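Hi everyone, thanks for making the time. I'd like to walk you through one model today, so let me put it up on the screen.

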Amino acid sequence: MTLAFADPQTDLEPLCRARPRPASRREDAVDARVPIPADFRLESGDRLPQSAILARLHGPAGAPVVAVAGGISSGRFVHRTETNGLGWWSGAVGPRCPIDLNRLQVLAFDFAPGAEGLDRAVTITTRDQARLLALVLDHLRIERLAAFVGCSYGGMIALAFAVLFPARVEQLLVVSAAHRAHPLAIAWRGVQRRILELAEAAGRPEDGVALARQLAMTTYRTADEFDARFEVEAPARAGQAYPVCDYLVARGRAYRKHTTPARWISLSDSIDRHAVQPESVTVPTTLVGFTSDRLVPIEDMRELAARLPLLFRFVEAPSLYGHDAFLKEDALVGDVLRTALKEIV
């Protein structure tokens, strides 16, 4: 077991070395629509209200394949494209980036359930998502992943995938995800789900998404960041917004059309159902945890590290950004990715 404590002041290598990509290679990605078999059932016994999973394979054909999955707001557009703008993790995935598209293929997929045609929440687990990814691998004739990089919800799926399909992945890199959901995080997400249900019953689903997103933002980041960013300036009258409230309202408004209550409830509940026995993860694993993360407390990451049979490295670091550190601490995360993936050929 290798335990590393990161120094946030260390001058690490930039996440992506700046070098323009040739114009002819700008869109090295292929979408795949993967049919879901008619007899496929979720662990709950339910059927998915969709006929296919959408996946995207980035990078040079024939190169080793790395699966990448993020939080519940992420999807198959992990890298920048001409048609979809910046991907959700464009800082980490790209030519000469830590996950280098000059030498690796990256596979990402849209989590089920999709929003289209979804009129009620679906009970789906991280193991179900792992089984859907296995369908994608079969469709693309990918026998084995060189690595599975999972952050937040994606890290939970990576752990579940390693339990179900240990022969189909060579190593895991799990960032800000543990073997279980913490009760306090379940409590916060439960309030979000009740907001969504109440708003939908009132005929205002988009307002429910916006308000639930506001609450979620307060759990992603830290008290120290909010204290540094916002002055406590009292408004003229009771009920008017404070500066921090204006920020949250703006973030919620920007998110209100991003998803639907039914999809958010499905994926939020999926996080809370997540549970794997660390001893069952028999794939070499690198872990990254942040001491300020309130959704995935560092104590849970330490327990996971202590119980994994094949822990390669555990990086524990402070961050101003809490759970969002996997998206914000570019240099630290990039250094860990490069170290773990450098031997893939």
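How much space lies in the second largest pocket? About 560 Å³. Before going on, the ground rules: this is a predicted model, where local features need pLDDT of at least 70, side-chain atom pairs count only at pLDDT 80 or more, and totals for chains, interfaces and linings use all residues. Residues are numbered from 1 along each chain as its sequence is written, and side-chain values use heavy atoms, with hydrogens and water left out.

Now, what counts as a pocket? On a 1 Å grid over the protein atoms alone, a pocket is an open set of points where a 1.4 Å probe fits, with protein on both sides within 12 Å along at least five of seven lines, and lining residues have an atom within 4 Å of a point. Grid points are joined across faces, edges and corners, and the volume is the space filled by probe spheres set on the points.

Back to that second largest pocket: 23 residues line it, and Arg76, Asp110, Phe111, Gly114 and Arg263 lie nearest its centre. By class, its lining has eight nonpolar, ten polar and five charged residues. Here Ala, Val, Leu, Ile, Met, Phe, Trp, Tyr, Cys and Pro count as nonpolar, Asp, Glu, Lys and Arg as charged, and the others, Gly among them, as polar.

The largest pocket holds about 850 Å³ of space. It has 36 lining residues, with Ser73, Arg213, Tyr220, Asp324 and Leu327 the closest to its centre. The classes there are 18 nonpolar, eleven polar and seven charged. Several helices supply at least two lining residues each, among them helix 2 (153–164), helix 6 (243–255) and helix 9 (325–328). Helix 4 gives the most, with five residues. Helices are DSSP runs of H or I with at least four residues, strands are runs of E with at least two, and both are numbered from the N terminus.

Helix 3 covers residues 183–201 and reaches 27 Å from its first C-alpha to its last, close to the 27 Å expected, where the expected span is 1.5 Å times one less than the number of residues. Its buried residues include Trp188, Arg189, Gln192 and Leu196; buried means under 20% relative accessible area, exposed over 50%, and partly exposed in between, with a 1.4 Å probe and protein chains only. Helix 4 (205–220) and helix 7 (261–273) are among what covers them, and after helix 3 comes glycine 203, with a positive phi near 75°.

Next, some backbone details. Most residues other than glycine have a negative phi, and most peptide bonds are trans. Serine 176, in the loop between strand 9 (172–175) and helix 3, has a positive phi near 55°. Is serine 176 buried or exposed? Buried, with a relative accessible area of 1%. Arginine 96 has a positive phi too, near 65°, and counts as partly exposed at 26% relative accessibility. Finally, a cis peptide bond with omega about 0° joins alanine 112 and proline 113, and proline 113 is in the loop between strand 7 (105–109) and helix 1 (126–139).

Methods. Contact means heavy atoms within 4.5 Å.
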